[in-house]
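Welcome! Take a look at the structure, then try each task before reading on.

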Amino acid sequence: MAVTVTDVIKKYSLRSLTPEIDTDRIRINHSDINRPALQLAGYFDHFGKERVQIIGLVEYTYIETMGREFKLKVFETLFASEIPCLIYCRSLEPDEDIVELAHRYGVSVLVSDMITSDFMGEIIRWLKTQLAPMITIHGVLVEVFGEGVLIMGESGIGKSEAALELIKRGHRLVTDDVVELRKVSDDTLVGSAPDITRHLIELRGIGIVDVKGLFGVAAVKNTQSVDMVIKLEEWSRDKEYDRLGLDDQYIEFLGNKVVCYNIPIRPGRNLAVIVESAAVNSRQKKMGYNAAQELYKKVQRSLELSEIE
């Protein structure tokens, strides 16, 4: 996975001081950033040249104190190392010497109006998401009461219909049919839709429905962390289903485990209500309350009292 400097420019509305450079061809493959400090003093050992380079107020004021000859030598070494781009924050701008060197070495010099620390936090978070390991799976991702619910199951079992009912009940669609899952951290998976199918949902017998167009922007969302998985399956009389939920079951994506519920499908079952209940129950567990365990404790206490009597 990689993003281009053009993507960064569009994402953060950056102003380019080197518009002649083709930023579509410059790719960023590292999610961390670097504020050149020792490099401005001439020390380039262990330099993270593959990272986006950011100049804040401290670096800018230091550059102002540098002699012209030493400054040109430092920035020539910096640009010759083929950094992806150099971004000045707080609307600060380099002098003509630096811009001329950037042109010579084909390095894009950009300007942001944001405060340095704010910009660093934003771009690191965005790059981590964009450059995270990714897989594509078949399913529907919706946000229900703030929980990211990934609905999976065989084709035609009713995933999209359940999602549509949830949308009508005020919840939000992230993606239908194709889910792009990114491992942002060891604890977080983020799902999104491919650009071509974003905000669209397929209903058999009707066709493609534009959820954003029909229900408004409040009914859709671009990305969502995956907090739980619901697997829909045909009900079988011969299969035993979990009726208490004392022990959570998990499914693994990219090395991350996510709580998973297997829901048998029978005529008359309201899938939207089931998904809502599962989402609320998941939130309760995160807050420290587990209904199944509380029931188990009550039964145990009742049995102990019966034995005493």
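Predicted model: local features only at pLDDT ≥ 70, side-chain atom pairs only at ≥ 80, totals over all residues.

**Exercise 1. Find the order of the strands in the open sheet of 6 strands, and work out which strands stand at its edges.**

Solution. 
- Step 1: Going across the sheet, the order is 11-9-10-17-19-18, with mixed pairing.
- Step 2: Strand 11 (172-175) and strand 18 (249-253) each have a single partner strand, so these two are the edges, and one side of each has no neighbour in the sheet.

**Exercise 2. Do strand 18 and strand 19 run parallel or antiparallel, and how many bridges join them?**

Solution. 
- Step 1: Recall that strands of a sheet pair through backbone hydrogen bonds, in either a parallel or an antiparallel way.
- Step 2: Strand 18 and strand 19 (residues 256-265) run antiparallel, joined by 5 bridges.
- Step 3: To see the pairing in residues, find Tyr-250, which has Val-259 of strand 19 opposite it.

**Exercise 3. Describe the second largest pocket: its volume and its lining.**

Solution. 
- Step 1: The volume is about 700 Å³.
- Step 2: The lining has 22 residues, and the closest to the centre of the pocket are Trp-126, Thr-129, Gln-130, Arg-198 and Thr-223.
- Step 3: Helix 1 (5-12), helix 5 (116-130), strand 12 (178-183) and strand 13 (189-192) each give two or more residues to this lining. Helix 5 gives the most, with 5 residues.
- Step 4: Sorted by kind, the lining holds 8 nonpolar, 5 polar and 9 charged residues.

**Exercise 4. Which residues line the largest cavity, and which helix gives the largest share?**

Solution. 
- Step 1: The search of the whole structure finds 1 cavity of 30 Å³ or more, and the largest cavity has a volume of about 30 Å³.
- Step 2: Its lining is made of Tyr-60, Ile-63, Glu-64, Tyr-88, Glu-93, Pro-94, Asp-95 and Ile-98.
- Step 3: Helix 2 (residues 57-65) supplies the largest share, 3 residues.
- Step 4: By kind, the lining of the largest cavity has 5 nonpolar and 3 charged residues, with no polar ones.

Notes: Residues numbered from 1 in each chain as written. Heavy atoms only, no water. 1 Å grid on protein atoms, 1.4 Å probe; cavity = no way out; pocket = protein on both sides within 12 Å on 5 of 7 lines; lining within 4 Å. Points joined across faces, edges and corners; volume = space filled by probe spheres on them. Helix = DSSP H or I, 4+ residues; strand = E, 2+ residues; numbered from the N terminus. Nonpolar A, V, L, I, M, F, W, Y, C, P; charged D, E, K, R; others polar. Pairing = 2+ DSSP bridges.
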